2 protein chains.
Amino acid sequence: MTSYTAPLKDIQFVLHDLLQLSTQDIEGFDDMEPSFTNAVLEEAGKIASEVLLPLNAAGDTQGCHLENGVVRTPDGFKEALTQMKEGGWPGIDMPEAYGGQNMPHVIGSAVGEMFSAANMAFMMYQGLTHGAASAILAHGSEQQKDTYLPKMVSCDWTGTMNLTEPHCGTDLGLMRTKAEPQGDGSFKITGQKIFISAGEHDMAENIVHLVLAKIPGGPEGIKGVSLFIVPKFMVNEDQSLGARNALSCGKIEEKMGIHGNATCVMNYDGATGYLLGEEHKGMRAMFTMMNEARLAVGMQGLAQAEIAFQNARDYAKDRLQGRDVTGPQNPDGPADPLIVHPDIRRNLMEQKSFTEGARALMLWGANLIDRSHRNGDAQAEGLISLLTPVIKGFVTDKGYDMTVQAQQVLGGHGYIEEWGMSQFTRDARIAMIYEGANGVQALDLVGRKLAQDGGKHIMGFFDLVKAEIKDDDSDDMIKADFLDPLKQASKDLQTAAMYFMAEAMKNPNNALAGSYDFMHLFGHVCLGLLWTKMAKAAQRGLAAGASDTAFLDSKLATGRFYMQRQLPMTATHLARIQSGADPVMSLDAANF
Amino acid sequence: MTSYTAPLKDIQFVLHDLLQLSTQDIEGFDDMEPSFTNAVLEEAGKIASEVLLPLNAAGDTQGCHLENGVVRTPDGFKEALTQMKEGGWPGIDMPEAYGGQNMPHVIGSAVGEMFSAANMAFMMYQGLTHGAASAILAHGSEQQKDTYLPKMVSCDWTGTMNLTEPHCGTDLGLMRTKAEPQGDGSFKITGQKIFISAGEHDMAENIVHLVLAKIPGGPEGIKGVSLFIVPKFMVNEDQSLGARNALSCGKIEEKMGIHGNATCVMNYDGATGYLLGEEHKGMRAMFTMMNEARLAVGMQGLAQAEIAFQNARDYAKDRLQGRDVTGPQNPDGPADPLIVHPDIRRNLMEQKSFTEGARALMLWGANLIDRSHRNGDAQAEGLISLLTPVIKGFVTDKGYDMTVQAQQVLGGHGYIEEWGMSQFTRDARIAMIYEGANGVQALDLVGRKLAQDGGKHIMGFFDLVKAEIKDDDSDDMIKADFLDPLKQASKDLQTAAMYFMAEAMKNPNNALAGSYDFMHLFGHVCLGLLWTKMAKAAQRGLAAGASDTAFLDSKLATGRFYMQRQLPMTATHLARIQSGADPVMSLDAANF
């Protein structure tokens, strides 16, 4: 019932008009001409619409089923993965040495948005594999890389990450899973992990679990946690598969959404594992995966918002209901289309201005990763480290809200499953929770990232905004519609950061009580910054006589909406932050 | 897995400390002493926790099933209804003449909150019956009242409302269902209605459908719509049941939530119906039901927020994770409870300050209905007419948001169905849609209610707020913490209303584009007003030496949170409103 059209023009606009990809001085970027990227994106868009989308609703209805230790995924998933593998999509931005295509991460991200929009549950199998492979790439020995990466880059073997246990999620220092050294370099892993996405399924020859566990006798708490590679089937030297390892899926969870992905309870019963990275430095290794995963989860928030928006917009153009109060727009029909009504438009413009702004933020972030990884750009690395919790928290919160708003456009039809809008909402909901619940992102941002390296990265961000505002080439329209609101919003962000600096010394809760509002305030400023950049790019295009004036004019109109209707939210976030810890903390826990 | 404890103290505080029920000069209110209302509420709370809650999750999982034209409701629903009937709960605020208990509507509402919190899907059968009975009470002939009301007040027969058709929901003027006069005073009803809650089920002897339809030859559009009583089984003069009427349930919908309630496609194939009220005045009669239903739906929003809050709060007190950054609170345990963390508290305080504020608003609204119905108080009638869209729209939007926030407290456990938090969210979602989607509420508010009777009612509301602010008895704390923020927020509301007045003349879209923000702005001012009243009541209680100081201090602390952390939102709503129609309307529909 739902449809999806890959937003190729919007993505191309970000890649080329905004980021000017092919002119960037980064290895592998020179080939990124618009015609080339368009061919890649167009092909990915086709797969999204023709292969993945048709399996989305059916996967939601059918779900995954555990029978005799085997998880059956929905019909068609395995065949779709075969098609993905044949196209080389899983390794699109992985090194050629292991069979990847070596394209920039920003291209992988753009492609990932489309796949994830069309079928989020399906894409998780592949996304987790990508994350696990990245961790092995960054922390594995040469032998580990050679053993696991070729099969993981091709997605013949999939990957997982195992952190949560029944009694601990965020607080991993409480972990009980243990890893006992066997004297031969291997370990016996024993314990139970829960909420393991893609933990067991029937789509791959092998599953490579990355498992956090404690080596007995190590330091207490989080400092005693190490990371292990624990394959479902043991791997021989020639990469053929050996005996089944001592691990199993004990249960799959019934969930609100992402039914097509198996969320497993994993039992490790003395399973053989191999240390990945250094002993007791498991969190560091896991964070390679986590940081990548957090950005990918942000992308899921955007992706669900995008497909929900497309379907809401199409319905609003099609469904006839009521009359334009300023005069009939469809006088020969029984009523006007929904889209004539100001509140329907208000709703749709909120969605549209969010998705286009968030896409620019996501791809800018991916570009920062490329600059950091391929050029060793420390400034880019610092900036994306700062922005990661903002992207994860803000984009998934707002992305979810947008799926709810999209659902609302359809009225009762948005609530029944037949129209597919409910699934977008139910699937998007998890993105606010996993890879660190959004409250934890806010804590990471305010408690750690803000002050990191002496506050250098937040200062760098403010410098970027300042440079954008001080651009003397801008005309009056850009100044009034974009630079002025951006200036006000970034001033609110600076005031909030200063408030934290001054008040957190007296009581750290003065900062922590405002952390969530700060994350959202920051997110709005980011989108304000990127809309300003996009407006300038659109204006440049119009001045240069670009043929698609309707597209560029729409960018300006959509950006204006964001600046005028969404950015004022920063004032409220600031007011909340400045009320400090007292309103939040004064009630005794017993009186809640 | 979920629990529910009726918030008796909070309800009693609103009824007696805030509304001072027993001293009001309304028929039937003198008996409403705290001891009496407490006995009623306590009994209702017991039924909610012990009878309805245990069926809630099971009803969600099992759902309703249509087999050979018969809808089977979840196990236990029928028996639970029997218990409700035995206690006389369905007719609690209905006239004694028809077997009701004749209690004020405000008591019926307080009881309704508890029942709806414990099992929203179940309560809809009863709630729709109440609405249909109210419409018959207000518009039926004496014979119709005698025929239908005794059985409906007892809930032996249930009721429905039939408005929506496949091609029209909000725009009922497009309706196709027709009612042909048979010359004997009856009509033959033919057409299809969709989204009919409780349209068919196995819990009652008969179902009394109220159906909107057009009598051929009548006026075009909405002015040609009439309302009909269409019973499932024909009713003989002695109220015994006769032949089956020509109507049937064609399908039940798969939905995001409220699975325990059957949402039916109803086919009327020349079914016998009887005019309720006047010909072509069907919307007027239906609005008796709709207005009641809109307030009841607002209550569903509050109810789901309340039960979600209770479960999130309990989890936050129980789950050990991380340490209080200012020092361990549970030094002998492996970690501190979640509730020590500022962002968890921020989340919980948002929920708590909303539910307690919204409860005061809901019960104040119910009290206005009592004043209007029982005393013919025109001012109360005007005020509740103005507030109805605000209550429906704001309380269901925020109520839903709060269920999402509650879910977030549990992290991954909030996403899996086992813990029950997902159901609260999925059930609460419908309240934003049915009985007029919230965008339609905003349109009703700004397009109709604001200017009604020359703007008398909004002026009356501002007078109430002014009187509250100008209260010279208040001390400095009340002034600074409550009156000042209320003053600022109500100034924002007035500025917005003036903006509409000035700008809507130039272009009505200048008002309509801001209607949704206005509804929320208004909602915040309402909660600010009621928190101010509650703060004063708490202070009075403390001054009078009330024994439960912890409870009253908590009211003050919770109210302060709302005033400082939530009320600043009014500034953002105002800024959005003041940007007018341009940002919303400037993009051509083709370019969306």
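Visitor: So a disulfide is a pair of cysteine sulfur atoms within 2.5 Å. How many does a search of the whole structure find?

Guide: Zero, over all chains. Take Cys168(B): its nearest cysteine sulfur belongs to Cys264(B), 18 Å away.

Visitor: What kind of model is this?

Guide: This is a predicted model, where local features need pLDDT of at least 70, side-chain atom pairs count only at pLDDT 80 or more, and totals for chains, interfaces and linings use all residues. Residues are numbered from 1 along each chain as its sequence is written, chains are lettered from A and ligands numbered from 1 in the order in which they are written, and side-chain values use heavy atoms, without hydrogens or water.

Visitor: Back to Cys168(B). Buried or exposed?

Guide: Buried, at 0% relative accessibility. Buried means under 20% relative accessible area, exposed means over 50%, and partly exposed is in between, with a 1.4 Å probe and protein chains only. Cys526(A) is also buried, at 0%.

Visitor: How are the two chains related?

Guide: A rotation of 180 degrees, with 0.0 Å of shift along its axis, puts chain B on chain A with an RMSD of 0.0 Å. So the two copies are related as by a two-fold rotation axis.

Visitor: Do they use the same surface, or what share of the contact residues of chain B recur in chain A?

Guide: The same surface serves both copies, and 99% of the contact residues of chain B recur in chain A. Contact means heavy atoms within 4.5 Å.

Visitor: Which residue of chain B comes closest to the axis?

Guide: Thr572(B), with its C-alpha at 3.2 Å.

Visitor: And Thr572(A)? What does that one touch?

Guide: Leaving out residues up to four places away in sequence, Thr572(A) touches Pro568(B), Met569(B) and Thr572(B). Thr572(A) is buried, at 1%.

Visitor: Where does Thr572(A) sit?

Guide: In helix H19 of chain A, residues 569–578. Helices (H or I, at least four residues) and strands (E, at least two) are DSSP runs, numbered from the N terminus.

Visitor: How many residues of H19(A) are buried?

Guide: Seven of its ten, and H19(A) is mostly covered. Among them are Met569(A), Leu574(A) and Ile577(A).

Visitor: What do they pack against?

Guide: In chain A, helices H15 (476–504), H17 (515–543) and H18 (549–566). In chain B, helices H18 (549–566) and H19 (569–578). Just after H19(A), Gly580(A) takes a positive phi of about 70 degrees.

Visitor: Which other residues have a positive phi, glycine aside?

Guide: Ala198(A) is one, with phi near 60 degrees. Ala198(A) lies in the loop between strand E5 (186–197) and strand E6 (206–214) of chain A, and is buried at 0%. Asn102(B) also has phi near 60 degrees. Asn102(B) is in the loop between helix H4 (77–86) and H5 of chain B, and is partly exposed at 29%.

Visitor: New topic. How many cavities are there of 30 Å³ or more?

Guide: Four. A cavity is a set of points, on a 1 Å grid over the protein atoms alone, where a 1.4 Å probe fits but cannot get out; lining residues have an atom within 4 Å of a point. Points are joined across faces, edges and corners, and the volume is the space filled by probe spheres set on them.

Visitor: How much space is in the largest cavity?

Guide: About 50 Å³. Its lining includes Pro90(B), His130(B) and Cys155(B).

Visitor: Which element gives the most to that lining?

Guide: H6(B), with four residues. Helices H6 (120–139) and H7 (142–153) of chain B are the elements that give two or more.

Visitor: And by class?

Guide: Six nonpolar, three polar and no charged residues. Ala, Val, Leu, Ile, Met, Phe, Trp, Tyr, Cys and Pro count as nonpolar, Asp, Glu, Lys and Arg as charged, and the others, Gly among them, as polar.

Visitor: Last one. Is Glu113(B) buried or exposed?

Guide: Buried, at 0%. Glu113(B) is in helix H5 (residues 105–118) of chain B. Beyond four places in sequence, its contacts include Tyr4(B), Glu306(B) and Arg359(B).

Notes:
Copies are superposed by least squares on the C-alpha atoms of residues with pLDDT of at least 70 in both. On a 1 Å grid over the protein atoms alone, a cavity is a set of points where a 1.4 Å probe fits but cannot get out, and a pocket is an open set with protein on both sides within 12 Å along at least five of seven lines; lining residues have an atom within 4 Å of a point.
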